[in-house]
Amino acid sequence: MDTLSYKTISANKETVKKEWVVIDATDQVVGRLCSKVAKLLRGKYKPSFTPHVDCGDNVIIINADKVIFTGKKETDKVYTRYTGYPGGQRFNTPAELRKHPYGSERIIKHAVKGMLPKNRLGRHLLDNLYVYNGTEHKHEAQKPKAIDINQYS
């Protein structure tokens, strides 16, 4: 009997195969899109998934300004941030954030960040996410492949 057939293969930084993928966020619901993106960043769709290793893909999201919220979240959901000064708590809704430059990108990054592990690995995985408002991005040299995010569950 071959004993190697019973060995669990654990990926490490050298053996992992990372890819570049482009996702079009046009008319996608924010939470559903971001949960799938978080799984892609983590590498959970790969058969060689290892929990303590960055084995996910590099994800480029284009058309971030065209994502949608369901229900009344566009006006009722509140993002809270703190400036660090007394009385410095600031509140924004998604509708207000969209008016700022890079506001839609911040909405998506904030949602994905909440779905990643709260440790060093999660902070490192967030660096593999690139979000752009328009259809143009600066990663053409990596030859990213366009995927349909709706085919993932």
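## Contacts along the chain

Residues 24 or more positions apart supply 67% of the chain's contacts with a separation of 6 or more. Contact means heavy atoms within 4.5 Å. The model is predicted: local features need pLDDT of at least 70, side-chain atom pairs count only at pLDDT 80 or more, and totals for chains, interfaces and linings use all residues. Numbering starts from 1 along each chain as its sequence is written, and side-chain values use heavy atoms, with hydrogens and water left out.

## Helices and strands

The chain has 5 helices and 6 strands. These are DSSP runs, numbered from the N terminus: helices are H or I with at least four residues, strands E with at least two. Their pattern along the sequence is β-α-β-α-β-β-α-α-α-β-β.

Four strands form an open sheet in the order 5-2-1-6, with parallel pairing. Strands pair if DSSP finds at least two bridges between them. Strand 5 (129-131) and strand 6 (145-146) are the edges, each pairing on one side only. Strand 2 (residues 58-62) is joined to strand 5 by 3 bridges. Here Ile61 stands opposite Val131.

## Helix 4

Helix 4 (residues 103-114) lies across strand 2 and strand 5. Its 12 residues should span 16 Å at 1.5 Å a residue, and its end C-alpha atoms are 17 Å apart, which agrees. The expected span is 1.5 Å times one less than the number of residues.

Its buried residues include Ile107, Ile108, Ala111 and Val112. Buried means under 20% relative accessible area (1.4 Å probe, protein chains only). Among the elements covering the buried residues of helix 4 are helix 1, strand 2 and strand 5.

How values were computed:
Axes are lines fitted to C-alpha atoms, for helices over the stretch in contact, and angles run from 0 to 180 degrees between N-to-C directions. Buried means under 20% relative accessible area, exposed over 50%, partly exposed in between (1.4 Å probe, protein chains only).
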